[in-house]
Amino acid sequence: MINANVIPTAFYGLQNLIDSLNSINAAAEKNESAECVKREYTYTPKADYYEVENGFTLEVELPGVKKEDLDIQVEKNILTVKATRTRKDNTVHYDRSFRLADDIDTDNIQVTLENGILAFGLVKKQQAAARKLNVV
């Protein structure tokens, strides 16, 4: 058996895999079936953005995530997306933050979720028109 306690912290995620393999091996030696191991993962989802006429579109890939499993917040021009997807014995957590430009109107962000793509319509703030000042 492999001793998982000697694995450096950089490889900490491998401990679950080693424990699972040891469990399966021990069960096979006793001619028993191994118990299924529940797993949790945290991912940084892929994202892409492109400029449109009045701002930007930001797209985040969240396959299998439903609306009710989303947590989206904007605070001090930081857009944070968190989501969870559970299937059978696997739970996947998605977590990613984006710094928005100062000229983005954070009060008017449009959000849609379709086919595993979370899309944000980021509109630029209206610029105040220049005006001439008269000296009195």
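Student: Which residues does Asn 108 touch, not counting residues up to four places away in sequence?
Tutor: This is a predicted model, in which local features need pLDDT of at least 70 and side-chain atom pairs count only at pLDDT 80 or more, whereas totals for chains, interfaces and linings use all residues. Residues are numbered from 1 along each chain as its sequence is written, and side-chain values use heavy atoms, with hydrogens and water left out. With contact taken as heavy atoms within 4.5 Å, and residues up to four places away set aside, Asn 108 touches Gly 121 and Val 123.

Student: Is Asn 108 buried or exposed, or does it fall in between?
Tutor: Asn 108 sits in the loop between β6 and β7 (110–114), where strands (E, at least two residues) and helices (H or I, at least four) are DSSP runs numbered from the N terminus. Its C-alpha is 9.3 Å from that of Lys 125, a residue 17 places away in sequence. Buried means under 20% relative accessible area and exposed over 50%, with partly exposed in between (1.4 Å probe, protein chains only). Because its relative accessible area is 41%, Asn 108 is partly exposed.

Student: Why does Thr 91 count as buried?
Tutor: Thr 91 belongs to strand β6, and beyond its neighbours within four places in sequence it is in contact with Arg 39, Glu 40, Tyr 41, Thr 84, Arg 85 and Thr 86. Thr 42, although 49 residues away in sequence, lies 8.6 Å from Thr 91, C-alpha to C-alpha. Thr 91 is buried because its relative accessible area is 16%.

Student: Which element gives the most to the lining of the largest pocket?
Tutor: A pocket is an open set of points on a 1 Å grid over the protein atoms alone, where a 1.4 Å probe fits, with protein on both sides within 12 Å along at least five of seven lines, and lining residues have an atom within 4 Å of a point. The largest pocket holds about 190 Å³ of space, the volume being that filled by probe spheres set on the points, which are joined across faces, edges and corners. At least two lining residues come from each of β2 (47–52), β3 (55–61) and β6 (90–99). With 3 residues, the element that gives the most is β2.

Student: In what order do the elements of the protein chain run from the N terminus on?
Tutor: The protein chain has 1 helix and 8 strands. From the N terminus on, the order is α-β-β-β-β-β-β-β-β.
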